[in-house]
Amino acid sequence: MSTGAKEELRRTSGSGTDLWNVVQPPTIWAVHFLISYLAAAILCARADRTAPLDPVFWTVMTATAVALMLIALVVLRLWRVEKFSTVDEDLEFERNTPEERHRFLAHVSLMLSVLSAVGVLYVAMPVLLIDTCR
Amino acid sequence: MAAMSGDPQDDPELRRAQEKRLSEVWAQPQGWRYWTAVNNSEVGLWYTATSFGFMFFAGVLGLIIRAQLAVPDAGLVSAETYNQVFTLHGTAMMFLFAVPIFEAVAILLLPAILGARDLPFPRLSAFGYWCFLIGGLFVTGSIFFDAAPSGGWFMYPPLTTKYGGIGADIWLLGLSFIEVASIAAAVELIVGVLKCRPPGMHLNLTPLYGWYVLIVGGMILFAFPPLIAGDFLFEMERAFDWPFFDPTRGGDPLLWQHLFWIFGHPEVYIIFLPSIALLAMMVPTFAKRPVAGYSFIVLSAIGTGFLGFGLWVHHMYTTGLPAVSLGFFSAASEAVAIPTGIQIFVFIATLMLGRVERSVPMLWSMGALAIFVAGGLTGVMLAIAPFDFQAHDSYFVVAHLHYTLFGGMMFPLIAGIYYYYPIATGKMLSRRLGIWSFWLLFVGFNVTFLPMHLSGLLGMPRRVFTYPADIGLDGLNMLSSAGAAIAALGFLVFAWDVLRPKGEADAAERNPWNAGTVEWQLEMPPAPWGARSVPKIESRYPLWDDADHLRNYDEGRFYLPDAEEMQRETIVTSVLDAEPIQCLRVPGPAIVTIVAAFLLGAVFILATFELYAATIAAGIGALAAILYWTWTGTALHPEKPAKDIGLGVTVPLYLSGPRSTGWWAMFITMLGDLTAFVGLPFGYFFFWTIHENFPPADAAGPGWVWPLVAGLLLLGAWTATWSARLLNGRGRVAAMRLSLAIGMASASAGIAALAAGPWWHGMDPTAHVYPAIVWALVLWTSLHVAVGVIMQAYCLAGSVTGKLTPRYDMDMWNVSLYWHFMAFTVLVTVLVIGGFPLVA
């Protein structure tokens, strides 16, 4: 493969973002949500209504810490992709090049990371306020 | 791309000959054969018209409700009829209008929006349409025989398992059948967006409608299957007395609520997003500028798509779940307001930055935003559990859901119909009638539903067929009913505008709204070929940015300007950057799709009446029709390996594996199928959580021996199928056939072994929910493996007859992909039924 062809391959498929990267942050949110919900549902289905939620509290807190860390890792990687930008600094992403597609998906993914982190924090809140299965 | 010297497209004679060939290839069939058409422009039009037909039917039911409730103690309909009327009103509006209209409009418009000739699987679209029509007529027709479902549109057991009549069966089987059509459409549309974008349309240049379709298609794959699993359990209970929802035998009615709402809440967004997508196409046109914040729309649509799955329990706040569970869902329900709000703000920003032109579509769009914001705000209120405790099952909820559906779906949709009518018919709708119908409907709608917030807060419950006088509800109900009459008038004006005969005066000129997106390159009236030539895309608004676009398009200077071989063709491109990778031959008119749909419809309809012998006969007929269809119409060998598609690009005519559309269709279908399957282990573990000992200590079977044997045999069948694909690829055809034969034998033995466990232990599925759920898992897996055996046989037959060769091996790739999913299904099934009792 010639250098030019290799370069072309890198541009169209290489280091950057594709659709799988974009769905990573919301998937982290979804897994965090499921863990939180299932932990509470399983504990409370077996226990009576006054049972303390401590195990659920710690599960949700651990899951929240892990989820936020994973989202941070995604953000870190996306930050590098955005730095590859060689074109204008607006947020329109309207050029027809593979790099611009990388930048665009990186921006979408970055913003989704913010939304997912907010979602994770929201979902963690109930265990701060509620301490039994009531 | 201006005319170069020596470009053959300079020759007008050649262009005329090309146009003649294209017209002939893409011509719609004449006479009665018109109904055998599969082209997206015909099927999409029928689909849209049929959905609207059901909408008007359901709307009349809504008017009956309002007439009955206009005055206290009214006797227009009996309580029993009223139950059928409101159940069918909700059911038809949701399942026969709101969801199918997305598929209908997308099938109609998506190829144009992507500048493609057609979607990759036209016959699948047609099949889906006929399924929808049959299932819809069956469900709606039931009310004329006093047999309609009457337990509310979400069919809660035990009311619906104990209640007599076949209404619930009609609901379950009729709608399961329509869900098949929905999933078929989702497969078609996802593959369409991912693989049929025109060359150059990188993901960041894809029209927002394409993004929304992709996201909604993905949501359908994860939302509809749990309902199919739920329908399966429910129908087993109704038909064979398997006690999934019966607490006296270990079942739990709440399981249905979970499965229903895991579908039901995402469905709200499945309805809402495609309609907002229409706004995303219209707003830039009338603001005369590109959409502001394209990537913000994409991110919020994806965000909504995910968060939409974390909300289902907010329909179940009053079922007695622990407060902490309600908290999780309440939090997610509040969070989803963020991405929803972003989309609204992007539209407002686009309008503020542009110079807005007044038009009928814009009027409807503005009405949509106003109504939707009101509905969204009451949604934020209802997401707060303590508020919902008060308002639950009251008319406040009725008001809320109608505000979201009218603002989030109905108004944008009508705006879209005014906007896109020329693309479907070549005519314009009337500006005067559009304004009249808008104001009638806008005023009528608000007069109907605004008072319902109040009547709900005053305590009027949903689904009551009447109410006593002098408890403060008379005036509000009368007002609502008067509003409904005005809204109905608005619908009639709209319907008249759409249906009235149109003459030359109504003819649309080309690109009548001066839009920038690629669908407006179409000739007016649109030509049968869909696209004169498939454009090379350089920007998001090619008609605004490229002055030569229309000339190049008309003169065939883009891709595929001809149909030399007299075949219907479209271009397949790569997922991310839309590099052309294949020239795909798409099939033409066919009767087999209609036959297959009718036979499959017969399976579901006959099963409703418990005519099982006839059901099985129809099932065999449907299978035969589908096999005939795939054998004669798919994976055909092209007459040459590659083709020049113009602009110096030559691409293959045949692809297999992950680059082909067929492989993606199989992958997406099986993803949906897997989601449905997951509903069954979910049920198993749901019962485990609610019971002190599950599996019950005294439960016999299925033991671990037979599940282990079954697992080994079935994983062996999977390995054999996979090997067959690899062997075939290396040209070792004899070994491949042997491997397939071993796979078939091993799979058949595996089915027997899987059933042997519960069978030899005498597990009676009607006795308790434990044997019932084990049998349900066995039944589901066995049926799927049986389909896998048919596929193996299909490949074996293909190899023997020369249809499947080492070069043309698409079927083998797809079947082996199916078996990868089978391996997972089998693994989960045997681990759950055989392994879990050992550790529980």
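**Briefing: chains A and B in a predicted model**

W35(B) is partly exposed, with a relative accessible area of 42% (partly exposed is what falls between buried, under 20% relative accessible area, and exposed, over 50%, using a 1.4 Å probe and protein chains only). The model here is predicted, so local features need pLDDT of at least 70 and side-chain atom pairs count only at pLDDT 80 or more, while totals for chains, interfaces and linings use all residues. Residues are numbered from 1 along each chain as its sequence is written, chains are lettered from A and ligands numbered from 1 in the order in which they are written, and side-chain values use heavy atoms, with hydrogens and water left out.

**Around W35(B)**

- You'll find W35(B) in the loop between α1 (12-26) and α2 (40-69) of chain B; helices (H or I, at least four residues) and strands (E, at least two) are DSSP runs, numbered from the N terminus.
- Setting aside residues up to four places away in sequence, W35(B) touches W46(B), W130(B) and I594(B), where contact means heavy atoms within 4.5 Å.
- W35(B) also sits 8.4 Å from I591(B), C-alpha to C-alpha, although 556 residues separate the two in sequence.

**Around S182(B)**

- S182(B) belongs to helix α6 (residues 167-195) of chain B.
- With a relative accessible area of 2%, S182(B) is buried.
- Its contacts, leaving aside neighbours within four places in sequence, are V99(B), E103(B), I220(B) and F224(B).

- Strand β3 (residues 642-646) and strand β4 (residues 649-652) of chain B pair in the antiparallel sense over four bridges; two strands pair if DSSP finds at least two bridges between them.
- β4(B) has V649(B) and V651(B) on its covered face, with T650(B) and P652(B) on the uncovered one.

**Where chain B meets chain A**

- The contact takes in 46 residues of chain B and 44 residues of chain A.
- Together the two chains bury about 4000 Å², and 73% of that is on carbon and sulfur atoms; buried area is the accessible area (1.4 Å probe) that two parts lose on being put together, summed over both.
- On the chain B side, F306(B), V324(B) and F328(B) lose the most area to chain A, together 17% of what that side buries.
- The count between the chains is one salt bridge, meaning a side-chain nitrogen of Lys or Arg within 4 Å of a carboxyl oxygen of Asp or Glu.
- D577(B) forms a salt bridge with R101(A), and their closest N and O atoms are 2.7 Å apart.
- Helices α9 (294-307), α10 (323-335), α11 (337-353) and α21 (661-690) of chain B each supply at least two residues of the side that touches chain A.
- α10(B) gives the largest share of that side, 10 residues.

**Chain A in brief**

- Chain A comes to five helices and zero strands.
- Of its 134 residues, 40% count as buried.
- Among contacts in chain A between residues at least 6 apart in sequence, 80% join residues at least 24 apart.
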